[in-house]
Amino acid sequence: MIHEIRVISKSETDPRGQDLLEEIRRTLKIKSIKNIRTAKVYRLEGVTRAQALVFAQKVLVEPIGQQMSIGRSALKGAAKTIEVAYKPGVMNPEAASLIKAGKDIRVNPKAADSSWEYAFFGKLSQDELAEITERLLVNKTVEYVVKTSPKTLLITGTIGDIKTIPIRNLDTGKLMELSKDKLFLNLEEMMILKNYFQKIKRDPTDCEVETIAQTWSEHCVHKTFKAKLVIDGKNKEPLFSRIKKTVKNNPALIVSAFVDNSGVIDFYDGYAICGKAETHNSPSAIEPYGGAMTGSGGVFRDVLGTGQGAKPIISTDIFCFASPNMPPKLLPPGCLPPDYLLRKVVAGVRDYGNRVGIPTNNGSIHFHNDFRAKPTVAVGAFGLIPKNRAQKGKPKKGDLILTLGGRTGRDGIHGATFSSGEMTSQTISVSGSAVQIGNAIEEKRVIDTIIHLRDLGLIVAVTDCGAGGYSSAAGEMGQVVGARVYLEKVPLKYPGLAPWEIFLSESQERMVIATDQKNLKKVLEIAKLYNVEATVIGNFDGSKKLHVSYKNKTVCSLNMDFLHSGLPQRRMVGRSKRVAIGGELPSVPKDLEKIFLRILSHGNVCSKEPIVRLYDHNVQGTNAMHPFGGVDFDAPNDGAIVRPILSKPYGVVVTHGLNPALNNLDPYWGSIWALTEAVSNFVAIGGKIKDAALIDNFIWPFPDEESLAALDSAVDALCFLAKILKMPFISGKDSLSSTYRYPDGRILKIPPVVLISVFGKIKDVAKTVSSDFKKVGSTIVLVGNPDVKNLGASAYFDITNSSSPSIPKVDTKNINKVLESISQAVESGQILSCHDISEGGVATTLAEMAFGGGCGASINIAKITKGRPDFVLFSETAGTFLVEVESVQIAKKAFAGVPHKIIGETQEEEIIEINAGQKTLLKTPIKKLKNAWQKPMKEIFHQ
Amino acid sequence: MTKPKVCILRTDGTNCDEELFYAFEKFGASPKFVHVNELRGKSKRLKEFNILALPGGFTYGDDVASGKILAVELVSFLKNEIEDFVAKYGLVIGICNGFQTLIRTGLLPFTKFGQMDATLAQNESGHFECRWIKVKVQKSKCVFLPQSNEIFDIAVNHGEGRIDAPQNIIKKIENEDLVVLKYVDEKGNPTQKYPQNPNGSVNAIAGICNQTGRILGLMPHPEKFVDATQYPNWRRSVSGNSPGFIIKNMVKFAQSS
C-alpha cells in the first residue's frame, strides 16, 4: 500500500505558487486567479502508516514553516487542484534520496516518489486550467497529471526477446520501412547491411542492427564531414580533413586533437587543459528542462572521459531561440513556445551545473524567429588534467570493462539516431523515449570517483556512455582488441528491458572504464566510498569482435572491422545558391536616442544578468574574471578566466563567438565574423592567441545541395582565418538536423550556426583586464577597422525592419596586428579597460563600459569616419575594440602602426554624449540606458 | 606551532570543498577531506581533528530540503561523536549547505542535536542567486572572531538561505548575541532590501553561532575570497579586509587553544 504525505507551507503564499501565478499573468494573461499554493506530495510504498508518520516527521516536514497531512488533500477551498508527477519509468532523482533517508532512519520503503500539487484560488474555468496545464505545468513527454493515485510505484516487466531481423529477404521498400523513424540509415547503407549479412550467411539480431545503426549514425560517425565533396562542380577535400589540418597551425601547444572525448592542450606545471562543446538541440526542443540537463551532463562526461579522466572546471552555455514575444500563431505544430523553452532550458542548466558544482561562467543567448521549430542549445565544458594522465592507455587482453554510476533504463533509446534525423510535428510523440531527466548528484559522485581512481593510476582508459550507450563505449574501447559484454550483469533501473535495449540505452551518468584485473578490488572499494555502483560487465578478450551475450545467448557478434570501417565514404554534391535579398536601408533616424534605447533592449544586446545570477558561476572559487563586474557588479565582461589551481596564478581563459543571423545571409563572412568575435573576446580580456585553441560547432540544416555548399563555404572561411591567426582547431562537433518539416511537407530551415569556442592558458591572471571604465578623464580609443557600410542582420536593421544582404566584413589583413597590439598593451598594463565591439555596435560597447565604471563618456564619431552617423554607431564589426588608456600619448604609442582612432574620454557626469563634429547627436543619462538594457530579461525571469 | 587539523566533510553533492581546503591551508591549518562514509565506518574519527568544516554544495541534491538528507544521516549515525566533539574541544563551521545542514541537525542555534529551532527557507525571490553582497560583523559570542564591526564584500550562492523561526526564537538569538553576520546596505545598515539582502532573511541575519560560540553557520562564502583576484572588482581596488579573515581567525584560535 502507498502512503501519501502532503507538505504545505504554513503561510498563505509560497514562492513556487507565486512564480507560477506571475507566469500565468504574464504569458497567458489570465488575471482572475487570486492565489496559487503548492503542496509537495510524497508517496511511500511498503511501510506501515506508523512508519510513514515517523518518516514524515523526521525527514519530510519542518514544523517551523510547514504542515502536513497524510492520505488527504492539504489545501482546502481551492477552485481547482491538480497534481503533476513524472511518468512511471522516468526516474525522479529525488526518489533515491528518499530511499536513502528511509534507510538511515531504519524505515525502509520499497519505493518512494515525489510530485507537486497546485491549488488555484479565485476564478478559473476548465479551459483556462487546461491551458495552464498544457503550456506551463506539464510536459507530456515526461510528466502527467495524476488523476487517480497509483496503486504501486514498483515497475515490473518481463524481459524482451532477442529477435532476428530477416534482413536478407527484405526488398528496398521493406528495408526503408525498417530504417524509418528508428535506424535513420539511407537506402545505400541499408543495402550494405543486407549484403554483409548475405555474405556471412545469417540474419542479424535486433541488437546487431541497432548497434550498427548507432555506430553509423550521423551523430556518431559524421558522414557528411567525412564525405568526398563536389561543390559547384569542383572536387573538394572532406570538411573534416580540412579542419584537422589546422592542427599544424600551432602543433607545439597541442596534447591531443580530435582523438579523445575533448581536445587537450598544454598548461603549466605538468598539467593540461581540455575543452569540448556539444549541442543538445533535439532533446531540448521536446523536453527543454531535461534536454538542457542531460546536455550539460553529457558534456561534463566528455571532459571526465578525456585521457584517464579530467576534472571539469568551467561550463559554458550558448542558446538560440525564437523571440520570446513571437506571436503564437507563428509556432509550428508540435513545437514548444520560445519563452517556455528559454525558461526551462535555463532552469535545466541551473539545476544541473549548480548541483555538480561546475562554474557556469560564460555564455550567450541569441534570438531569431527562425529558431521557432528547434532551438540551439549548446553546452561547453573545460577541464584540468595532469599531463601524464592526458592520454588513454590501450586496453589489453584480459582487462576488465566496468560500468560506474547510474543504472540502465529504457531512457534515451535511439538518442543518437534520433538527433541525426529531421524534426517533424510527430517528433514529440514518436521519440519521447529519447529524453530523460538528469541526476546531477549521481554525476558528481561519478566525477569524484573517477578523479580519485585516476590519481591512483587505476584507470587504463575511460569513456562516457553517451550516444549509443554501452554499444558505443565498449565498441570504441575494444575497437582494436575486441570486447565481450555480459548484459545480464548490467544493473537495471527496473526489469523488463530487452537485451538490445540494455546495450543501446543512453541512460545518463554512466561511465565505462577499462581496468587491470589486479586492481579490481581497489576500484570497487573506492567506488563504494563515494556511494557509486560499480560493476564488471565484461572484458577485453582479444577476439577483435564485439561479442555480447545475455544469459549465455548471443545477442551480438560483429567484427569490429565491419562495425567501424564497413561504412563507405560518402560522395556528396553541393551547389551554392545566392539568394539576393533586396536591400532596404533604414531612413536616417530623427530621434537617435529612441533608436539607441530600442537597440539596448534588443534580445541579442540586452543584459542577460538575471540568467547568469541563476547559475552558480562562482563555485570552486576559481574565478579571476566574473561574468559581471564594475561598480554595481552589473557590467558584462567578454569572457571567463579561472585559476584552476588555487595556489597558482595560472589562468584558463574561455570565450566564444557566433552570429546565426549573419550566417543565414552569408555563410562565409558570417563564419569569419564568428571566429573573429570569439578571438576578439579572448584577446580583449588579456588572452594571447598563440596560447589558445579553437573548438567548432556546426549546427546546420539537413545537408541538401544548398546547405552543403553553405557548410563548405563556412569551413573554408574558418580554415582560412585560423591559418592567418596561426590557431588550431582541436575539437568539434556537427549537428546537421536543423530542419523542420511541416505536416503539409513544407520545410523550415533553421538558421545555420557556427559556434566557435576559444580556450587557452595565461601565465598570470593579474595581467588581464575587465570591461568597466576605471577612471574619469581617461582616453577612449577605437582599435581596429570598423565596416560602417554593411549592417545586414544587425540589431539596428532588425528593429527598423531594414534589410541588406551585405554583412560586416572583418579586416582580415590587419586582424593579427590589431589582436597583437591589444595583447601587448594588456600585458604591459597600459590598458585600463577593454571591451570588444559586437551586437549593438560601438554605442552599446561604450554604454556597457560606462555602466561598469559608474561614470559617463563623451565621444566624437567624426573621428571614426565620415559615414552615416547611425551606421557608424551601430555597425557590428567583429575584431574592433573600445579601449581605455590613461592618455592620448599612451594610445598613440601602444597602437602605432595599427588602425585606431582616438574618439573621446570618460567623464564624471553619468551621461553618454555622442557628437558628430560640432553636432550633438545624443546626450542620455546612463540610468536611462541601463534601464532599457536590463528590462527585457528582468521581465522574463521575474526579477 | 602545530597546525590545527581540519576535517572537511564531504558527501554526495558537496562541491565547495576544494576552495575551503585551500583557504584553511593558506591560513596555516592542515585540512583533510573526509567522506561521511569514513566517519560512519569509523576508519576516520572526529577526535583526530580540531575543526569540523561543512562545505557548501548540494548534498544529496538538496532533495526534500537543502542539507536535510545529510542532517538526517548525521543525526542517525554520528550523534554521539559530534556531540562529544562539540562539547570537548572542537570548532565547527558550516558554510551555505553546511549551514543548512547544521541548522537541520539542530546544532544551530541552540546545540540541540535532533531538534530544529530555526530553519533556512527558500529565498524570498523564489530562486537561486549567485552574487556579491556586503555583510557586517556583529558583536557576538563567536569565540574566534574579533568584535570588529568590519564590513566586507562576500559571495552568496544559494536558493534556500532565508533564516526563519518563531519570533521568540529570533529574539533569543538576537538577545543572546548569537548573530554573527548581517546583510547590510551601502551605508552599512542591516537591510531587508533585495538584492543587498539576497534571501529576505529575518533581521538581515546572514550567520549565527551557538551559545558556546564554537559553532558558526553562515550562508555567504568566506572561503571564496582569500586571494585578491577572487573578488570580481579586484581590478578596481579591494577595500578593507577580505572575508578570508573568518577562516584565518578560526585557524588562529584553534592554534592558540
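## Elements and model

Helices (H or I, at least four residues) and strands (E, at least two) are runs assigned by DSSP and numbered from the N terminus. The model described here is predicted.

## Backbone of chain B

B:Asp177 sits in the loop that links α6 (167–175) to β9 of chain B. Its phi is positive, about 60 degrees, although B:Asp177 is not a glycine. With 17 other C-beta atoms within 10 Å, B:Asp177 is partly exposed, because that class lies between the limits of 12 or fewer for exposed and 20 or more for buried.

One runs from B:Leu108 to B:Pro109, with omega near 0 degrees; B:Pro109 belongs to the loop between α5 (97–105) and β5 (119–121) of chain B. Another runs from B:Tyr194 to B:Pro195, again with omega near 0 degrees. B:Pro195 is placed in the loop between β9 (179–183) and β10 (205–209) of chain B. As background, most peptide bonds are trans, and most residues other than glycine have a negative phi.

## Backbone of chain A

A:Gln620 is a residue other than glycine with a positive phi, near 75 degrees. It is found in the loop between α22 (609–612) and β24 of chain A. Is A:Gln620 buried or exposed? A:Gln620 counts as buried, because it has 26 C-beta neighbours inside 10 Å, and the limit for that class is 20 or more.

## A hairpin in chain A

Strand β39 (residues 911–916) and strand β40 (residues 919–925) of chain A run antiparallel and are joined by six bridges. Within this pairing, A:Asn915 has A:Thr920 in β40(A) as its bridge partner. Two residues lie between the strands of the hairpin, and A:Gly917 adopts a positive phi near 65 degrees there.

## Contact between chains A and B

Contacts between the two chains involve 48 residues of chain A and 45 residues of chain B. On the chain A side, at least two residues each come from the helices α1 (15–28), α2 (49–60), α3 (93–104), α13 (338–356) and α16 (440–455), and from the strand β24 (623–625). Which element gives the largest share of the side of chain A that touches chain B? That element is α3(A), with six residues.

By residue type, the side of chain A that touches chain B holds 19 nonpolar, 15 polar and 14 charged residues. Interface size, by contrast, is often given as the accessible area lost when the parts come together.

Note on methods. Residues numbered from 1 in each chain as written. Chains lettered and ligands numbered in written order. Predicted model: local features only at pLDDT ≥ 70, side-chain atom pairs only at ≥ 80, totals over all residues. Pairing = 2+ DSSP bridges. Contact = placed C-beta atoms within 7 Å. Nonpolar A, V, L, I, M, F, W, Y, C, P; charged D, E, K, R; others polar.
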